[in-house]
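These are my notebook entries on one chain.

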Amino acid sequence: MRHRSLLVITTAVTAGALTLSACGSRDDSAGGGGGGGGKQTVVIGLDAPLTGDLSALGQGIKNSAELAVKTANKNNEVEGVTFKLQALDDAAQAATGQQNATKFIADDKVIGAVGPLNSDVGQSMQKVFADAGMVQVSPANTNPELTQGKDWQDGKKTRMYDTYFRTSTTDAIQGPYAAKYMYEQEKLKTVFVIDDKKTYGAGLAGTFTTEFKKLGGKVVGSDHINPEDRDFSSVASKVAKSKADFVYYGGEYPAGAPLASQIKNAGAKIPTVGGDALFSGEYIKLAKKNAEGDFASSVGAPLDTLDTAKEFMKNYKAEGYENTWEAYGGYAYDSAWSIIQAVKAVAEKNDGKLPTDAKDARKQVTEALQSVKFSGVTGEVGFDEYGDTTNKQLSLYQVTDGAHKPVNSGEYEG
């Protein structure tokens, strides 16, 4: 079911709109800026893994969403509203994410939520938010099923929840994008495919495999791993014996890095290729020299190539955050900003504030978000009839001299 369109909001995240003063010390509230003056307090929830193996990505998401909230308050983006961010840790666990969603909807001041990182966590939260009519915008969920239903691969796309949106593109194109590059540009024709059996990893490996075979490539072996394990000697031995040209891994960096390292140590001096969950400095720290030559795709264009991202990066650094923005920072900022813009659209029709009834306010903000459009950190931000981003940009990076460096960027053309 599609949303009823209210209006199209167009705003630019320009240098002026993003400039922050140095007054935002690290002990400021997550809302930053001022309040008072009879303003209405509106809370945006944030769910991400703030502790545990994936905390580097989660902290980058939290910090970036916080920066969006501070920017909105500093610039008085919605005159009658002061925004605050409430961040909860899901530790990359679906059950915890669902509990966090329940906490958010129980607080009438929470108008919407940014997150989560993991697709399986996102699945656990969707119905909770939908039942409460609260909007959820993920900067990182890439499994197509979350927006297009379980039969999306058969061309039977069905939007599951009108309250769910995402600013990152999906594995429906991320997997094929990497397959096409490795086959056509790197001229590698055989692959050993491994996944971690999770929603994200298995889905990504599946879309990669389908496209690689379609192009004429051969899968010479496949296996699954437990993402909690760190001893992958058995599967590494299988890869070495397979004589594959490369490995494709559907999963996240905490297991992906030691897996790739052990594959090389087993004698297979071949690259490991994966998705956006391998695109992290933590992958290189864990795999050390064995990370050299490995590839990771990621959603969007490299931030340092986008004019719209320059002020974001400048102001993020000025905040003195301990963690970098990592792969999803720009998308987290844009996710929070999209909620802020939806709030703005509703407030402008309601004497500068949201309706006092939480259920009505959440409903109106969800409907308004469907029509939000703006020039964001990651480029043009908008949503299609499924709640997916209209920005289909992808990039591929290779570890060279101890850092991920872009080797290709563009929209996937199947």
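**Entry 1. The chain as a whole**

I began with the secondary structure and found 13 helices and 15 strands in the protein chain. I note at the outset that this is a predicted model.

I then looked up the extent of the chain. Its C-alpha atoms fill a box of roughly 70 × 45 × 35 Å along the principal axes. I recorded 61% of the 414 residues as buried.

For the contacts I took those with a separation of 6 or more, and 76% of them join residues 24 or more positions apart.

**Entry 2. H12 against H13**

How are H12 and H13 placed relative to one another? I read an angle of about 115° between helix H12 (residues 329-348) and helix H13 (residues 358-369), with the axes 8 Å apart. H12 is therefore roughly perpendicular to H13, as the range for that term runs from 65 to 115 degrees.

By class I noted 8 nonpolar and 2 polar residues in the contact of H12 with H13, and no charged ones.

I followed one of these residues further. Ala 368 belongs to helix H13. Is Ala 368 buried or exposed? Its relative accessibility is 1%, so I counted Ala 368 as buried. Its C-alpha atom is 7.8 Å from that of Val 343, a residue 25 positions away along the chain.

**Entry 3. H6 against H7**

I turned to helix H6 (residues 171-185) and helix H7 (residues 199-215), which pack at about 45° with their axes 8 Å apart. That angle makes H6 oblique to H7. The crossing of H6 and H7 is right-handed.

On the H6 side I found Asp 171, Ala 172, Gln 174, Gly 175, Pro 176, Ala 178, Ala 179, Lys 180, Tyr 183 and Glu 184 in the contact. On the H7 side I found Tyr 200, Leu 204, Thr 207, Phe 208, Glu 211, Phe 212 and Leu 215. The classes in the contact of H6 with H7 are 10 nonpolar, 3 polar and 4 charged.

**Entry 4. H2 against H11**

Helix H2 (residues 55-74) packs on H11 at about 100°, and I read 11 Å between the axes. H2 and H11 are therefore roughly perpendicular to each other.

I listed Gln 59, Gly 60, Asn 63, Ser 64, Leu 67 and Lys 70 of H2 as meeting Phe 312, Asn 315, Tyr 316 and Glu 319 of H11. The contact of H2 with H11 divides into 3 nonpolar, 5 polar and 2 charged residues.

**Entry 5. Backbone details in the loops**

Which residues does a cis peptide bond join? I found it between Gly 115 and Pro 116, with omega about 0°. Pro 116 sits in the loop between strand E4 (110-114) and helix H4 (119-132).

Lys 288 has a phi near 55° and lies in the loop between helix H10 (281-287) and strand E11 (295-299). Glu 326 also has a positive phi, of about 55°, and I placed Glu 326 in the loop between helix H11 (307-319) and H12.

Lys 288 is exposed, at 59% relative accessible area, whereas Glu 326 is buried, at 17%.

**Entry 6. Leu 88**

My last entry concerns Leu 88, which is found in strand E3 (residues 81-89). Its relative accessibility is 15%, so Leu 88 counts as buried, the limit being 20%.

Neighbours within four places in sequence set aside, I listed the contacts of Leu 88 as Leu 46, Asp 47, Ala 48, Leu 50, Asn 100, Lys 103 and Phe 104. I also noted the distance from Leu 88 to Gln 99, which is 9.9 Å between C-alpha atoms at 11 residues apart in sequence.

How values were computed. Residues are numbered from 1 along each chain as its sequence is written. This is a predicted model: local features need pLDDT of at least 70, side-chain atom pairs count only at pLDDT 80 or more; totals for chains, interfaces and linings use all residues. Side-chain values use heavy atoms; hydrogens and water are left out. Axes are lines fitted to C-alpha atoms, for helices over the stretch in contact, and angles run from 0 to 180 degrees between N-to-C directions. Helices (H or I, at least four residues) and strands (E, at least two) are DSSP runs, numbered from the N terminus. Angles under 35 degrees count as roughly parallel, over 145 as roughly antiparallel, 65 to 115 as roughly perpendicular and the rest as oblique. Ala, Val, Leu, Ile, Met, Phe, Trp, Tyr, Cys and Pro count as nonpolar, Asp, Glu, Lys and Arg as charged, and the others, Gly among them, as polar. Buried means under 20% relative accessible area, exposed over 50%, partly exposed in between (1.4 Å probe, protein chains only). Contact means heavy atoms within 4.5 Å. A crossing is left-handed if the near helix is turned anticlockwise from the far one by less than a right angle, and right-handed if clockwise.
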